[in-house]
Amino acid sequence: MSHSRRVFLAGATSAVALSALPRAAKAASPVELPKLPWADDALAPVISANTLSFHYGKHHKAYVDKVGDLVRDTELEGATLEALITASAGVPERRALFNNAAQAWNHAFYWRSLHPKGGGKPPARLAALLDRDLGGFDKARADLAAAAVGHFGSGWAWLVQKGETLQIVTTANADTPLTAGLKPLLTIDDGEHANYLDYPNRRADHVNAVLDKLIDWRFAEANLG
Ligand code: MN
């Protein structure tokens with residue numbers, strides 16, 4: 001798993017001044033469950049509608065709902081998800097808010113990292129950066145798979161940009177590259193709940209199928225800074 005490293009959060013992130021928090025244009029909460037960018041059976045058989053019904057419809061929705069509960073009638077109500085993550089990262093009394101907000105963000109980004117016509121080879125600009133920074137597409141793909149499969153417990157494998165450079169990193173549970181100064185390009189949810197209905201006890205098969213059939217390299221390229 002060379003090229004893979006764990007992202008550690010910076011220690012004491014001070015709470016962001018509330019006046020500095022970006023606010024949504026409308027009064028309604030900007031933190032909502034985003035619509036899936038494809039039909040709920042469009043990723044089958046790799047990710048079935050049944051898996052999505054609980055992974056998106058239950059788990060992801062629960063994180064979003066919990067964020068709403070935690071900020072309602074507080075000074076944080078109306079802040080965007082990204083602002084809530086920044087305002088709660090490393091703040092012990094906001095740990096529950098951080099966990100739910102970051103899980104909500106990570107899951108929304110995960111769905112956008114997948115596409116029914118995904119897989120295949122990355123487009124030219126991203127391919128050139130994979131050549132330069134990660135030993136080429138085949139090695140980067142293998143290292144991303146190894147990062148997702150080898151990660152202990154529940155978490156995420158990410159292709160990120162640190163400054164100009166591509167890296168593969170993992171985060172545990174709710175942790176997110178956003179708080180480590182990294183720009184996420186794509187992610188794979190490596191939690192058991194992401195695969196066990198469709199690939200019981202075959203995590204590696206699931207991850208490889210996601211990479212071969214669903215991962216959206218065009219989305220990753222579009223996220224390049
Ligand atoms: Mn998940």
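This is a predicted model: local features need pLDDT of at least 70, side-chain atom pairs count only at pLDDT 80 or more; totals for chains, interfaces and linings use all residues.
Q: Which phi does Asp73 have, positive or negative?

A: Positive, at about 60 degrees, although Asp73 is not a glycine. Asn173 is another non-glycine with a positive phi, about 55 degrees. Asn173 belongs to the loop between strand S3 (165-172) and S4, and at 48% relative accessibility Asn173 counts as partly exposed.

Q: While we're on the backbone, which peptide bond is cis?

A: Look at Ala44 to Pro45: that bond is cis, with omega near 5 degrees. Pro45 is in the loop between strand S1 (4-6) and H1.

Q: What do the elements look like from the N terminus on?

A: Read them as β-α-α-α-α-α-β-β-β-α-α, which comes to seven helices and four strands. Of the 225 residues in the protein, 50% are buried. Contact means heavy atoms within 4.5 Å. Among contacts with a separation of 6 or more, 75% are between residues 24 or more positions apart.

Q: Which protein donors does the manganese ion have?

A: Donors are N, O and S atoms within 2.8 Å of the metal (3.2 Å for Na, K and Ca), and since water is not among the atoms, sites may look incomplete. Here the protein donors are His55 (NE2), His107 (NE2), Asp189 (OD) and His193 (NE2), 2.0 to 2.2 Å from the manganese ion. Along the chain their spacing reads H-x51-H-x81-D-x3-H. His55 lies in helix H1 (residues 49-71) and His107 in helix H3 (residues 95-112), so this pair ties together parts that are 52 residues apart in sequence. His55 counts as buried at 1% relative accessibility, and His107 counts as buried at 1% relative accessibility too.

Q: How many residues does H1 have, and what does it reach from its first C-alpha to its last?

A: To read a helix span, compare it with the expected one: 1.5 Å times one less than the number of residues. H1 has 23 residues and reaches 31 Å, close to the 33 Å expected. There is a bend of about 30 degrees at Lys61, taken as the angle between axes fitted to the seven residues ending there and the seven starting there.

Q: Which residues are buried in H1?

A: An α-helix has 3.6 residues a turn, so residues three or four places apart point the same way. In H1, the buried residues include Thr51, Leu52, His55, His60, Val64, Val67 and Val71. Their cover includes helix H2 (81-88), H3 and strand S4 (183-189).

Q: At what angle do H2 and H3 pack?

A: Two packed helices are described by the angle between their axes and the distance between the axes. For H2 and H3 the angle is about 140 degrees and the axes are 9 Å apart. These axes are lines fitted to C-alpha atoms over the stretch in contact, and angles run from 0 to 180 degrees between N-to-C directions.

Q: Where is the place of Leu185?

A: Leu185 is in strand S4, and at 0% relative accessibility Leu185 counts as buried. Beyond neighbours within four places in sequence, the contacts of Leu185 include Phe109, Leu159, Leu166, Phe219 and Leu224. Phe109 is 76 residues from Leu185 in sequence, with 9.1 Å between their C-alpha atoms.

Q: What do the buried residues of H6 pack against?

A: Helix H5 (137-150), S4 and helix H7 (217-222). The buried residues in H6 are His206, Val207, Ala209, Val210, Leu211 and Leu214. Helix H6 (residues 203-214) has twelve residues and reaches 15 Å from its first C-alpha to its last, close to the 16 Å expected.

Conventions: Residues are numbered from 1 along each chain as its sequence is written. Side-chain values use heavy atoms; hydrogens and water are left out. Helices (H or I, at least four residues) and strands (E, at least two) are DSSP runs, numbered from the N terminus. Buried means under 20% relative accessible area, exposed over 50%, partly exposed in between (1.4 Å probe, protein chains only).
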